[in-house]
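Please examine the sequence and the three-dimensional model shown below. The paragraphs that follow lead through it step by step.

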Amino acid sequence: AEKEELSLLGALGIISENYVASSDAIERDEFSCLASKFVDLKEKAQANTVFTDVSASNEYSGYIAHLANVGYINGVGDGSYLPDNPMVMAGAAKIIIKALGYDSFADYMGGYSGGYIGLAEDLGLLKNVTWDNDGNITKIGACYLLYNALTSTMSAPQYIYENGKLSAVFGKGEKRTYLSDVLGVNVYNGVITETNIKNYMVTFT
């Protein structure tokens with residue numbers, strides 16, 4: 001059932017039709033493409049970027065430029081982005097938490113990388129998310145991270161310091177999700193009897 005729910009990403013255009021959500025590590029440029037679509041559900045044309053190693057010829061350059069322009073990514077500190085490198089779990093969590101508007105809370109909890117991983121856990125964003133032994137998020141893990149970010153109920157956190165650890169506790173019962181509140185998309189359960197929308201197939205390996 002959970003894998004079927006991830007077809008939502010295809011319906012929204014975040015992942016392409018017949019996307020292969022494998023256990024391989026996802027590269028930084030590909031994850032940036034998915035994250036950019038998560039932000040506003042828009043396709044982006046190839047474009048120049050601020051990074052020395054991401055030219056307009058990169059198929060994901062428009063998405064990387066978008067994330068840089070809104071302040072969700074800033075490269076690796078020497079003007080480069082290393083687009084072909086695998087995306088580490090903490091880096092993926094940081095982009096999504098910034099998009100959700102919770103980065104100040106993550107910084108309060110210790111910043112990169114522990115604060116972002118801890119907050120992602122508290123928000124329920126890491127449910128079913130997988131990464132490899134080197135800490136790189138997998139393609140299937142990226143899909144689950146985005147799905148969780150779209151649909152998880154969120155509210156303003158309260159902080160608890162217990163046993164030497166600072167954690168965030170979020171209110172229960174509120175119906176605020178990124179999907180409905182920010183993107184304006186509502187999901188309904190029911191039986192479709194007729195539609196002109198093409199089917200999406202997501203392959204999980």
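Just after helix 4, residue G71 adopts a positive phi of about 85°. Helices here are DSSP runs of H or I with at least four residues, strands are runs of E with at least two, and both are numbered from the N terminus. The model is a predicted one, in which local features need pLDDT of at least 70 and side-chain atom pairs count only at pLDDT 80 or more, while totals for chains, interfaces and linings use all residues. Residues are numbered from 1 along each chain as its sequence is written, and side-chain values use heavy atoms, with hydrogens and water left out.

How much of helix 4 is buried? Eight of its nine residues are, and the helix is thus described as mostly covered. A residue is called buried under 20% relative accessible area, exposed over 50%, and partly exposed in between, with a 1.4 Å probe and protein chains only. The buried residues of helix 4 are S61, G62, Y63, I64, A65, H66, L67 and A68. What covers them includes helix 3 and helix 5 (89–100).

The axes of helix 3 (residues 28–40) and helix 4 (residues 61–69) come within 8 Å and cross at roughly 60°. Such axes are lines fitted to C-alpha atoms, for helices over the stretch in contact, and the angles run from 0 to 180 degrees between N-to-C directions. The crossing is left-handed, a term used if the near helix is turned anticlockwise from the far one by less than a right angle; clockwise would be right-handed. On the side of helix 3, the contact (heavy atoms within 4.5 Å) is made by D29, S32, C33, A35, S36, K37, V39 and D40. Helix 4 contributes Y63, I64, H66 and L67. These contact residues divide into six nonpolar, three polar and three charged. In this division, Ala, Val, Leu, Ile, Met, Phe, Trp, Tyr, Cys and Pro count as nonpolar, Asp, Glu, Lys and Arg as charged, and the others, Gly among them, as polar.

Because its relative accessibility is 51%, G114 counts as exposed. Its C-alpha atom is separated by 7.7 Å from that of A90, 24 residues apart along the chain. Not counting residues up to four places away in sequence, Y116 touches A93, K94, I97, K98, D103, A106, D107 and G111. Of these, A106 is ten residues from Y116 in sequence and 5.1 Å from it in space, C-alpha to C-alpha.

The aromatic rings come next. The structure holds two aromatic pairs. The rings of Y102 and F105 have centres 5.5 Å apart and planes at 45°, so this pair is tilted. Rings of Phe, Tyr and Trp (its six-membered ring) pair if their centres lie within 6.5 Å; planes under 30 degrees apart count as stacked, over 60 as edge-to-face and the rest as tilted. Y102 is buried, because its relative accessible area is 6%, whereas F105, at 23%, counts as partly exposed.

Finally, the chain may be viewed as a whole. The protein chain has nine helices and four strands, arranged along the sequence as α-α-β-α-α-α-α-α-α-β-β-α-β. Buried residues make up 45% of its 205 residues.
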